[in-house]
Amino acid sequence: MMREEKVRRVPMALSALIALAFAVLPLPAALDAFRPDFLVLVVIYWSIESPRAGGLGLAFFSGLALDVINGVVLGQHALALTLMAAWATHLRLRLRVFSILSQSLTIFALLAGYQFILFWVDGATGNPVTNFGRWLAPVVGAVIWPLLSGSLSRVRER
Amino acid sequence: MVAFRNTDTSGRTSGLLLRCVLYCLLALGLIIVDKRYDHLGKIRRFLSIVAYPVQVAVASPFEGWNWFRESVNTRDALRTDNDRLKAELRLAQFKLQRYEALEAESQRLRALRDSTAGMSDRFVVGEIMDVDLDAFRERVLVDKGARDDVFVGQAVLDSGGVFGQVARVEQLTSEVILVSDPAHAIPVQINRNGLRTIAVGTGDTSRLKLPYLPTSADVVVGDLLVTSGLGGGFPPGYPVGTIAAVKRDPSQSLADVDVRPAAALDRSRELMFVWLKPGEVLPSAGSAGSAVAALPAAAPSTPPAASPPKASKAAPPKGPGVKKP
């Protein structure tokens, strides 16, 4: 059991790192608003598939990394990611037997919750972003979820 | 096995709640401490060094591509480029002659009025890193940080005019908030008549607005806006933009004025960090009321190299302004 977890940590850390890089990858301005929160998707995926190996620690530290790289108030993304990862872990047994559509809908709810927490912290710390563009990311994220979880499963099985 | 798993799951679920609460409290604590007390500068600086490789890794393919494109430039392209640059340089040198005379005159006038010369003394050029920070905030990451004495609130220029100011400083990088960020405001004055107001960002890199001008204000399309130096953040006299549109609705008390920024907010790669001479800001702030004083105050003594591109780009609106004093 222990050894299995150790093996899983490498793809987990790697996928989180790649997702982190994607979060700041320069995109054309037109596409920028559609950038999905890959890191959130990856963290949710690992919270569902192997909550033991990464779980909330992964969520918290990924969020912290996102805070530092994005240059926002420290702890904002960490808080949002931790809460959503906990929710995903709680839902994981149900999520595994869901159809793809209902999985995507659940993921949409998680991503929207994530954005809402970011939105709330933004407002509470005094620099609100009142732009409807930010609610596009959850939609895009929910749409690409089946693709992402499929490819991550393939990586994990190898 | 099944039995084990069941106890395992239930055990983990209660653990999950506990750990979730712990991590959330930790995160909330971080947010509060970071926001309220600003004690996390050192931690953040350390973390940013850890994050630097990621940023470099993201930026490097694009830099590599730029380098590649530049190195396979054809001879023809290089020659036309060279010709253009030479022409620009000639024009700039021509303008500089006039500029130096004006600067000397400004020095004399200032000496008469017994105030210090309004010159910025030090410039450092930084390059924007190819990293997107936030789609909905107008900010860029620049490869100069605390190591180069960059400080929060420092004015940042590009070859066209005022670009923004430093919002956050890390060890190796700093974050610059653009003048077009909705949260950014900059004290300006109209170069033609010295009218002072505040330019506020709109979130659109091609547009600023002047929300506090009365309908009766003397402002026409094409007027050059320069920094007024009030508030102390920016050196006075740098071009901020030109008036692009003025809408006057008689039923409103305030006019609706659009400004086209002078800096190439969406195209510049090289930015200039400016250090003001201590004691500069107050005298020029006092003098900013008179219309004529503003422009000579702009004359930066050290960077003649920096001003030619500025002069050549902002040439049409600036010409009359320069002649005036």
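**Exercise 1. Fold of chain B**

What share of the contacts in chain B with a separation of 6 or more comes from residues 24 or more positions apart?

*Solution.* This is a predicted model: local features need pLDDT of at least 70, side-chain atom pairs count only at pLDDT 80 or more, and totals for chains, interfaces and linings use all residues. Side-chain values use heavy atoms, without hydrogens and water.
1. Take contact as heavy atoms within 4.5 Å.
2. Residues 24 or more positions apart account for 64% of the contacts in chain B with a separation of 6 or more.
3. Buried means under 20% relative accessible area, exposed over 50%, partly exposed in between (1.4 Å probe, protein chains only).

**Exercise 2. The interface**

Describe the contact between chain B and chain A.

*Solution.* 
1. Count residues: 34 come from chain B and 43 from chain A.
2. Take the area: about 3,400 Å² is buried between the chains, and carbon and sulfur atoms give 70% of that area. Buried area is the accessible area (1.4 Å probe) that two parts lose on being put together, summed over both.
3. Look for salt bridges (a side-chain nitrogen of Lys or Arg within 4 Å of a carboxyl oxygen of Asp or Glu). The count between chain B and chain A is 0.
4. Find the main supplier: α1(B) gives the most to the side of chain B that touches chain A, with 16 residues.
5. Sort by class: that side has 19 nonpolar, 4 polar and 11 charged residues. Ala, Val, Leu, Ile, Met, Phe, Trp, Tyr, Cys and Pro count as nonpolar; Asp, Glu, Lys and Arg as charged; the others, Gly among them, as polar.

**Exercise 3. The largest core**

Which residues touch the most other members of the largest nonpolar core?

*Solution.* 
1. Define the core: buried Ala, Val, Leu, Ile, Met, Phe, Trp, Tyr and Cys residues joined through side-chain atoms within 4.5 Å.
2. Ile44(A) and Tyr114(A) touch the most other members, out of 61 residues.
3. α5(A) gives the most to this core, with 10 residues.
4. Beyond four places in sequence, Tyr114(A) touches residues including Val40(A), Leu66(A) and Met84(A).

**Exercise 4. Thr227(B)**

Is Thr227(B) buried or exposed?

*Solution.* 
1. Locate Thr227(B): strand β9 (residues 224-227) of chain B.
2. Thr227(B) is buried, because its relative accessible area is 0%.
3. Check the side chain: a polar atom of Thr227(B) lies 2.7 Å from the backbone oxygen of Pro235(B).

How values were computed
Residues are numbered from 1 along each chain as its sequence is written. Chains are lettered from A and ligands numbered from 1 in the order in which they are written. Helices (H or I, at least four residues) and strands (E, at least two) are DSSP runs, numbered from the N terminus. A polar contact is a pair of N or O atoms within 3.5 Å; within protein, one must be able to donate a hydrogen and the other to accept it, and residues adjacent in sequence count only if both atoms are side-chain atoms.
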